[in-house]
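Welcome to this short tour of a structure that may be new to you. Let us look at how its parts touch one another.

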Amino acid sequence: MASLSPPEEAAASYHHRQSKRYSSSSSSNGVESDFPKRPKISHPLPQSSNFISSSEIESEFSHHDLVFARINNGSFGCCPSSILSLQRDWQLRFLRQPDRFYFEDLKPKISESRTVIKRLINAEHDDEVSIVDNATTAAAIVLQQTAWAFREGRFEKGDAVVMLHYAYGSVKKSVEAYVTRSGGQVIEVQLPFPVVSADEIIDRFRNGLESGKANGRRVRLALIDHVTSMPSVVIPIKELVKICREEGVDQVFVDAAHGIGCVDVDMKEIGADFYTSNLHKWFFAPPSVAFLYCRKSNNGTAPDLHHPVVSNEYGNGLAIESSWVGTRDYSAQLVVPSILEFVNRFEGGIDGIKKRNHESIVEMGHMLVNSWGTQLGCPPEMCASMIMVGLPVCLGVSSESNVLKLRTFLRERFSIEIPIYFRPPADGEIDPITGYVRISFQVYNKPEDYHRLRDAINELVRDGFRCTSLSC
Amino acid sequence: MAADERRNGDSASHNHRAPKKPRLAELLTESDIQSEFSHHQTGVARINNGSFGCCPGSVLDAQREWQLRYLRQPDEFYFNGLRRGLLASRNVITDLINADHVDEVSLVDNATTAAAIVLQKIGRCFAEGEYQKEDTVVMFHCAFQSVKKSIQAYVSRVGGSTVEVRLPFPVNSNQEIISAFRQGLEKGRANGRTVRLAIIDHITSMPCVLMPVRELVKICREEGVEQVFVDAAHAIGSVKVDVKEIGADYYVSNLHKWFFCPPSVAFFYCKKHSSESDVHHPVVSHEFGNGLPIESAWIGTRDYSPQLVVPSVMDFVNRFEGGIEGIMNRNHDEAVRMGLMLANAWGTNLGSPPEMCVGMVMIGLPSKLCVESDEDATKLRLYLRVHRSVEVPVYFLALRDGEEGVKDKDSGIITAYVRISRQLYNKTEDYERLRDAINELVKDQITCQNLP
């Protein structure tokens, strides 16, 4: 369990920071020495009757397109309007007097965000936490380091990087661009889908590591998803990291794009060398902000990581390098402490949200499975706030391009936003389920969203719809 | 120099469309302009547009619309709106800079990112043995610090060597710069080495000088420099940009400095070559291998709104007499006028002649201030910000052995310069406040050593 600051502490420290900020004043000679008072989130510490209400939640997400059944929080996340408003404040603060903001405010404020994240993820030192744009950037940072090691001869050509076959497309390309290009060998571990148990994954991974080590090679990096994207499954990450240590893998990098706000994120428990998670997916940050955690070893050294966009901060450590990558809008990074106050308006804070999201998505998953006569892609305990639900076989999902067109069709005809996964049939399977939807549940979702999906699919089935009928 | 050649040979005739001439009724008035920049902190003499630029309220509004469109239904925007919007921006830029084809134009966050892209490519060529160790990268000593660090990170690390050309400053003519550069190239080629890359600023940052970039690129071609990268962070909106005339292989300019975009966006031009150019965005996404413009159009979930408002910026600048050209010319003329006013008031000099300035001018500070180090310059800048509400960067100029330096009216050597910027929102009072602040310090015999 991540050790969160208790809500009281987080709120108190937030208010303490607020009182230290400039208060509004303007002197008579027209020289405004201070910034205007920033609107705070107006709720005090929640008592049980003061938790955020349903209508307040609706209001926070009223900027969403309300016509849509928006059941794909996993792809792009969401951001409540009170956070957007605070983000705007930060943007205006920079625009008002950018030089002063750069010299006086930016660095300390980013440090504050890093400290908040450090506590949330149970890291040891602030130094271990860098803030970057997204997990894609974090992957480039870690893989660039691996590439240097190959190029500079610390790794032998042919040493292996092991990753899951279901690794995110961008990460695979990053591995190609940095690792393959510099002489590393890439091993993809095939995982079963649908998944029956965590043991299946653990066994396959162990075998994958063994192939990595074949012919006396070293496995220099294991790249493991905490929650795979498509198809989506929660990976038994603690066990896999343990196996990596047992098998002498040099470094473990956990890609937890769907991490914070989705699953339990505890750096000390997980024990990886590198861990990245987006905050804009499940932690209500505006687009876009992520953290990259880099474990300091016992003797206090850190791996030689660098941000690929090199600025005058080069050489001052990744966290400082990442805090200035040239003139940018850093507001999404600055708003992180405020997000804590937002989630603490919910019962149980972020843990409560996670728990309720999970229970709801399992309930909705079962509801769809019962209605369609299909199955879930994994057992309920291997999902977090997303779950894969099989589509009726009679729809005839038969290719990647099918599922894209079906997705577009559902969007345009039914105003339903849902990603669909094509699961190729394996040899010997009779009438397998070849299409799975990935449904997400976040605080703004309602059962009606999933009823609409249920009914849309059932309508298509009744009408004898086939994916092949969708035009090119 | 003839007036139409004062921009280092940029001629008045270009292939691209002349800006739409706004009807009188559409032109922005003075109070419209103040309103567009009403979010700037009042009471501050903001004479440093060069560092962080500015963005008018109507463009911020357009940006907000794009942001909301995404937040409303991000999937739909990703699949249907984003690429199209980015292409529209790229088309505007292609036209503006006279590039041959929109495929040559990518949008990135800032010039710092473009430098990383170019230098990563150079680094790969060294690492993969295509270049010999000790082959060189040539640049000016006043190249932006981030660029220098990028060279360290990607080129020096793999054995490439660098040659720094000292920019003469204060400078009196293009010829001084051209001579220094020729010498630098010779050094770069000494002992049979090849100059693999020359990095040339179109407008240097500190000290700020408009460089004879066309001539310098020509010399590079004559002298067998393999590739030329023009770092033009300040260029677009400051000076006419014609990438074909300039003739570089790579050219980057920030749009948030002088072209009214919100932070942050830059265009990065890569001339099409017959061979594969092998430049890639360092943040690799699933678009890897589809060409830099497409790679840059998706580097993971981000707020791409600064890149999407370029057409709205065109609408904004076209509400001024002469469009962006008119704005540039008036900024230049006013900046020079204010620069001369200050130089006269302080008895000092300009760092370069007016035809080698843009909307920024370097003016010598009185020697009596005793600026003796970078730290002194920083202290003075801080003093001006905190005590006089003037925002202006200060440059310390260390004299080298054998240099005489330039003297001011008190016969002291000028060791520091301010870099003033002039943009639409500036007023004469801004520069008068700076003038008076400095004069008072001198009158009260305050030096950098005893600033409050």
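Between chain A and chain B of this predicted model, 31 residue pairs are in polar contact, both partners having pLDDT 80 or more. On the side of chain A that touches chain B, the elements giving two or more residues are α3 (73-76), α4 (81-96), α5 (98-121), α6 (135-151), α7 (169-180) and α15 (400-414) of chain A. By class, that side of chain A holds 22 nonpolar, 23 polar and 22 charged residues.

Charged partners also meet across the two chains: ten salt bridges are found at the interface of chain A and chain B. One of them joins Asp133(A) to Arg302(B), with 3.4 Å between the closest N and O atoms.

How many residues does each chain bring to the contact? Chain A supplies 67 residues and chain B supplies 62 residues. Together, chain A and chain B bury about 5800 Å², and carbon and sulfur atoms account for 55% of that area. Within chain A, the residues that lose the most area to chain B are Phe76(A), Leu95(A) and Arg181(A), which together make up 12% of what that side buries.

Now let us turn to a boundary inside a single chain. Chain B is split into domain 1 (76-316) and domain 2 (323-450). Their contact draws 24 residues from domain 1 of chain B and 29 residues from domain 2 of chain B. The C-alpha centres of these two domains of chain B are 29 Å apart.

Which residues of domain 1 of chain B lose the most area to domain 2 of chain B? They are Phe169(B), Met206(B) and Trp258(B), together 28% of what the domain 1 side buries.

One salt bridge is found across this interface between the domains of chain B. Lys240(B) and Glu325(B) form a salt bridge through their side chains, at 3.7 Å from N to O. On the side of domain 1 of chain B that touches domain 2 of chain B, there are 15 nonpolar, seven polar and two charged residues. Polar contacts between these domains, with both residues at pLDDT 80 or more, come to three residue pairs.

Here are the two interfaces side by side.

| Interface | Buried area | Share on carbon and sulfur atoms |
|---|---|---|
| Chain A and chain B | about 5800 Å² | 55% |
| Domain 1 of chain B and domain 2 of chain B | about 2200 Å² | 73% |

Finally, a word on annotation: an unreviewed UniProt entry lists residues 108-303 of chain A as "domain: Aminotransferase class V". In the model, this span of chain A is 37% helix and 18% strand, and its end C-alpha atoms lie 24 Å apart.

Note on methods. Residues are numbered from 1 along each chain as its sequence is written. Chains are lettered from A and ligands numbered from 1 in the order in which they are written. This is a predicted model: local features need pLDDT of at least 70, side-chain atom pairs count only at pLDDT 80 or more; totals for chains, interfaces and linings use all residues. Side-chain values use heavy atoms; hydrogens and water are left out. UniProt positions are given in the numbering used here, feature names are shortened, and annotations may be inferred rather than shown by experiment. Helices (H or I, at least four residues) and strands (E, at least two) are DSSP runs, numbered from the N terminus. Domain bounds come from an automatic or database domain assignment. Contact means heavy atoms within 4.5 Å. Buried area is the accessible area (1.4 Å probe) that two parts lose on being put together, summed over both. A salt bridge is a side-chain nitrogen of Lys or Arg within 4 Å of a carboxyl oxygen of Asp or Glu. A polar contact is a pair of N or O atoms within 3.5 Å; within protein, one must be able to donate a hydrogen and the other to accept it, and residues adjacent in sequence count only if both atoms are side-chain atoms. Ala, Val, Leu, Ile, Met, Phe, Trp, Tyr, Cys and Pro count as nonpolar, Asp, Glu, Lys and Arg as charged, and the others, Gly among them, as polar.
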